[in-house]
Amino acid sequence: MAAPAGHLRPGRYLAFFALIVVALYALVFFTGSGKPTPKLGIDLQGGTRVTLSARNPDGGDPPRESLEQARSIIERRVNGIGVGGTEVVLDGSNVVITVPGEQGDQAKSLGKTAKLGFRKVVTSQPVTPVPQSSTPPASGAPSSAPPSSAPPASSVAPGASAPPSSPANGGGGAAAAPQQQPPDSDAQTKKEIEEARSVRQNPDLMSTDQAKLSAAAEKAFASLKCDPKVSDPLVGNDLTDKPLVACGDKNTMKYLLEPEFLPGTEISDASSSYNTQNSQWVVNLNFKGDGSRIWGDFTSKNTQKQAAFVLDTQVVSAPTIQSAILGGQTEITGRFSQAEAKDLADVLKYGSLPLSFESSDATTVSATLGLASLQAGLIAGGIGLLIVFIYCLFYYRLLGVLTILSLGLSFSLVYAVLVLLGRWIGYTLDLAGVAGLIIAIGITADSFVIYFERLKDEIREGRTFRSAVPRGWSRAQRTILASDAVSFLAAAILYWLAVGDVKGFAFTLGMSTVLDLVVVYLVTHPLVAMISRSKSKVLSNPKNLGLGAVQQLGSERKAASAATGRPNVKEA
């Protein structure tokens, strides 16, 4: 049997709750550098959602393991370049990137950071050829320096290219913004890939026969327009064991490259820094064990020659090797700006994905539309609260006021938790999350209804309001716990199985359900107990509490029991 109301000390419960609220809002206002507001998703504050479609060279479905690895690398790249509040999830064979705020341009370039490799430069020429075109040397006898038409060389040194051609700027001419193919174009796409391979990856490009080499190189250079508006069928489909003719230096140069000698997956780390001794920005590059050995062998045999860093058939940088690099720690120097150095470091560090991607869809939500969505969500929540308030005041009178107060305190908890989660784990509130909060209003109000109806049941049996409170709570709390447990379990399962926006709905629903229990136990029940012990005629009047009718019915039952001689309910 539950303890009587007098044994409960409501003041302690209310003080503990007040301490929780003070602690939360102290964290909100006195910790962190952000505003004391929740982080909003793109559908509320505006932003960009990019869908990247994976491609396999053989045209088949990408392996799930490769997709997950690609998603993980893209997520690390997003975190590495400082894009806050971004979500990277898998949707079938697509990778969906959601970027709240005004950082969408960075997300649109992530699909280009796909397959990175290192190739030796055989020769190069400008996109607009000079009158005296040079003849490519044979593979076995590459020139000791790039031809006179090449841009001023940057360099690679131990421990220590023209500035990099940033993927974000469409750095290799052919691979920028691939055009979306119609559903029935698979055969045409494969044909275009084979045609491009036969010209730009022709084995004759490595021939020792000067005539074959010259003819193949001339044809390959002529076929490559380096136009950022034209998609390149070789993006993600180039063969690493074949030579390659590619664009670079922001679409100003064409390169003839040898087969790949080192994959980008052998890079362990890359970063940009300012060299105070030489007063210039540099890129620091570290290789893994095997990569360090291969890089050391290559640089030892190719001093004063160029090595091209190729990203999806685009030469992002082609520095000249100054000396042998045996320790795996490499410094790339050139006329880099800070942004260019960081772009190249990001490409080298995060560019090696097991699959290639194209941006199949990019949706941008304006801040104005986001604000309108937020206002619509707030209006919907306000209408829901107003209806609950009217119902509670009409049906429960002063107990309805307690319901309104409890809902307000529950909202204060939810708001503070949302702000702190946005700072600590980058949680963003979207429209689905707002829907979860609105539904949680009903769950929270339902807990109060269960409690108050239990009180009515006890009073209907002939008990006074004071004695009905502990008995009604003893029975109601079991129902409340069971109800909230079911709601929380459903939200947890939904969060575990769902992706994207549905996770936001499940998260806010589950969080609000937990906070509902906190409010019911620490606020609603203690306040009801305080009212039951109050000596105020206003507060103790059953009619003012919406209990007049049930108390009259209880009195009638009590009188009828006394008249018939049947035992009545014993007061506690």
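## The disulfide in this model

A search of the whole structure turns up one disulfide. The model is a predicted one, so let us start with that bond and then step back to the protein around it.

The two partners are Cys226 and Cys247, with an S to S distance of 1.9 Å. That sits within the 2.5 Å cut-off for a pair of cysteine sulfur atoms, so the pair counts as a disulfide. As a reminder, a disulfide is a covalent bond between the sulfur atoms of two cysteines.

What is the handedness of the disulfide between Cys226 and Cys247? The torsion about the S-S bond is about -95 degrees, so the disulfide is left-handed.

Where do the two ends lie in the fold? Cys226 is in the loop between helix H6 (210–223) and strand E7 (244–248), while Cys247 belongs to strand E7 itself, so the bond ties together parts that are 21 residues apart in sequence.

Are these cysteines buried or exposed?

| Residue | Relative accessible area | Class |
|---|---|---|
| Cys226 | 7% | buried |
| Cys247 | 1% | buried |

Now for the wider picture. The protein has 572 residues, and 49% of them count as buried.

Note on methods:
Residues numbered from 1 in each chain as written. Predicted model: local features only at pLDDT ≥ 70, side-chain atom pairs only at ≥ 80, totals over all residues. Heavy atoms only, no water. Buried < 20%, exposed > 50% of the residue type's maximum accessible area, 1.4 Å probe, protein only. Helix = DSSP H or I, 4+ residues; strand = E, 2+ residues; numbered from the N terminus.
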